[in-house]
Amino acid sequence: LGSVIMGDDTLLVKIENGIATVTINRPGQRNALTRVMWARLPELFEGFRDSGEVRVIILRGSGDKAFASGQDIREFREMETPEEWAHHSDIVENAWRRIYKVELPVIAQVHGFAMGGAFGLLAMCDLRYSAEDGVFAIPAARLGVVYPEILTRRIIRLIGPANTKEILLTARRYTAREAYDMGFINRVLPKGEIDAYVQELAEKIVVNAPISVKNSKEMINLIESGSLEDDDMARAHALRQAGFNSQDFQEGVHAFIEKRSPEFKGA
């Protein structure tokens, strides 16, 4: 696969060798997110899925001061009624939900601040890696905001109810090491090493069988939902069976026996 660079001024996209890197690009505002950006992110991710050219997504912030500092405060000033706040919340929650469900692995790469809604965005990614300068917080309690069920449930799944209560009730800031100790971050890396580490990780995923990667993600999300009723059990069985029925499974087996690298086609 070749290299493609596209995007608008606030969300930059680079696609190279099956890896799409999306950069939140408002460094002058510490990469604060606008409603337009919240609406655009899931559209981008779903477009990658539909293109067939992308197998892994990396999400990062521009520069090294912030992944994203949360919602653009200037838009907060424009909202005066409960209806306006509800509309804004619907846009953000829709973005979280769709990013969580997109059928591609999403790797978050963090430098600096990851605050408020950006913490929620990280929670919806599949893997999270932070430089040592990462700073994490949800300042909702200082704004009189109650976080929605979808995000609160997801954070509890990741770090447990006690840690979630501490984050939401204190509104304090956490270092990258503290976020790692809670289980929110997969790994903390030196500032000068994180780019290469995340790129290498994405390259390892890209060469694996797409159906295995895709269905494994859905299987984990299914189990994480906490309720494997009959329909869910049937879906879990179908996900596993689809792997056995794929051409990539046959290729993987033959490559293993023949002691060569497999060439997966995603079929």
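Modeller: F119 is buried, at 2% relative accessibility, where buried means under 20% relative accessible area, exposed over 50% and partly exposed in between, with a 1.4 Å probe and protein chains only. This is a predicted model, in which local features need pLDDT of at least 70 and side-chain atom pairs count only at pLDDT 80 or more, while totals for chains, interfaces and linings use all residues. Residues are numbered from 1 along each chain as its sequence is written, and side-chain values use heavy atoms, with hydrogens and water left out.

The partner of F119 is F184: their ring centres lie 4.3 Å apart and their planes meet at 10°, so the pair is stacked, given that rings of Phe, Tyr and Trp (its six-membered ring) pair if their centres lie within 6.5 Å, with planes under 30 degrees apart counted as stacked, over 60 as edge-to-face and the rest as tilted. The two residues are 65 apart and link distant parts of the chain, F119 being in helix α4 (residues 117-124) and F184 in the loop between α6 (176-182) and β11 (187-189); helices (H or I, at least four residues) and strands (E, at least two) are DSSP runs, numbered from the N terminus.

F184 is buried as well, with a relative accessible area of 1%, and the charged end of R128 sits over its ring, 5.2 Å from the centre, the criterion being NZ of Lys or CZ of Arg within 6 Å of the ring centre and within 35 degrees of the ring normal.
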